[in-house]
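Here are my notes for you, written as numbered points. Have a look at the model first, then read on.

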Amino acid sequence: MKIVSACLAGVHCRYDCKAQTRPEIEEMVGKGEAIPVCPEQLGGLSTPRPPAERIGEQVLTNKGVDVTDQYKKGAEEAFQIAKLCGASEALLKSKSPMCGSGKIYDGTFTGSLKEGDGVFAELLKKNGIKVSPVD
Ligand code: SF4
């Protein structure tokens with residue numbers, strides 16, 4: 001079983017209420033091969049919500065509001081779902097401060113990237129779950 005970012009499966013859970021549907025991900029969910037999760041929503045954040053980026057160990061919105069606790073809670077909740085499903089792999093939206101893997105937005109809200117993982121991707125990797133970024 002795989003975990004996938006819900007926005008890739010057609011769920012309108014992004015900060016701007018949009019999805020980023022990838023038909024191959026949608027198909028995997030439809031066949032029962034993958035479970036969609038949105039860790040930002042699971043952390044109690046609203047939709048829509050202000051965009052946020054990782055700055056060091058914190059996650060801040062573009063207005064400087066600290067949403068680190070919601071990010072940590074959402075990552076833990078989504079990880080719990082991954083464990084319940086026996087997931088060994090995750091296909092997660094690239095660049096996101098929560099789901100991004102390898103490269104994420106750099107905290108300047110300019111679209112620039114830096115090396116690093118989103119909070120959920122980092123937690124999964126620490127627990128031995130393979131994470132692949134999906135553009
Ligand atoms: Fe998509 Fe992940 Fe952001 Fe939710 S937290 S909107 S699943 S990238």
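1. Let's begin at Glu27, which is partly exposed, with a relative accessible area of 47% (buried means under 20% relative accessible area, exposed over 50%, partly exposed in between, with a 1.4 Å probe and protein chains only). Its partner in a salt bridge is Lys31, and the closest N and O atoms are 3.2 Å apart; a salt bridge here is a side-chain nitrogen of Lys or Arg within 4 Å of a carboxyl oxygen of Asp or Glu. Lys31 counts as exposed, at 55% relative accessibility.

2. A word on the ground rules. This is a predicted model, where local features need pLDDT of at least 70 and side-chain atom pairs count only at pLDDT 80 or more, while totals for chains, interfaces and linings use all residues. Residues are numbered from 1 along each chain as its sequence is written, and side-chain values use heavy atoms, with hydrogens and water left out.

3. How many salt bridges does the structure hold? There are seven. One of them joins the side chains of Arg49 and Glu40, at 2.8 Å from N to O, and both of these residues are buried.

4. Next, look at Arg54 and Glu57, a salt bridge whose closest N and O atoms are 4.0 Å apart. Arg54 is buried, with a relative accessible area of 7%, whereas Glu57 is exposed at 63%. The pair also belongs to a network of salt bridges that links Arg54, Glu57, Glu122 and Lys126.

5. Now for helix α4, residues 119-126 (helices are DSSP runs of H or I with at least four residues, strands are runs of E with at least two, and both are numbered from the N terminus). Which of its residues are buried? They are Val119, Phe120, Ala121, Leu123 and Leu124. After α4 comes Gly128, with a positive phi near 80 degrees.

6. Phe120 and Leu124 turn up again in the largest nonpolar core, which has 23 residues; together with Ile3, Tyr71 and Leu92, they touch the most other members. (A nonpolar core is a set of buried Ala, Val, Leu, Ile, Met, Phe, Trp, Tyr and Cys residues joined through side-chain atoms within 4.5 Å.) At least two residues of this core come from each of α3 (68-85), β5 (89-93) and α4.

7. Leaving out residues up to four places away in sequence, Ile3 has contacts (heavy atoms within 4.5 Å) with residues including Ile35, Val37, Ile81, Leu92 and Phe120. There is also a second, separate core of eight residues, among them Leu8, Ala9, Leu91 and Val134.
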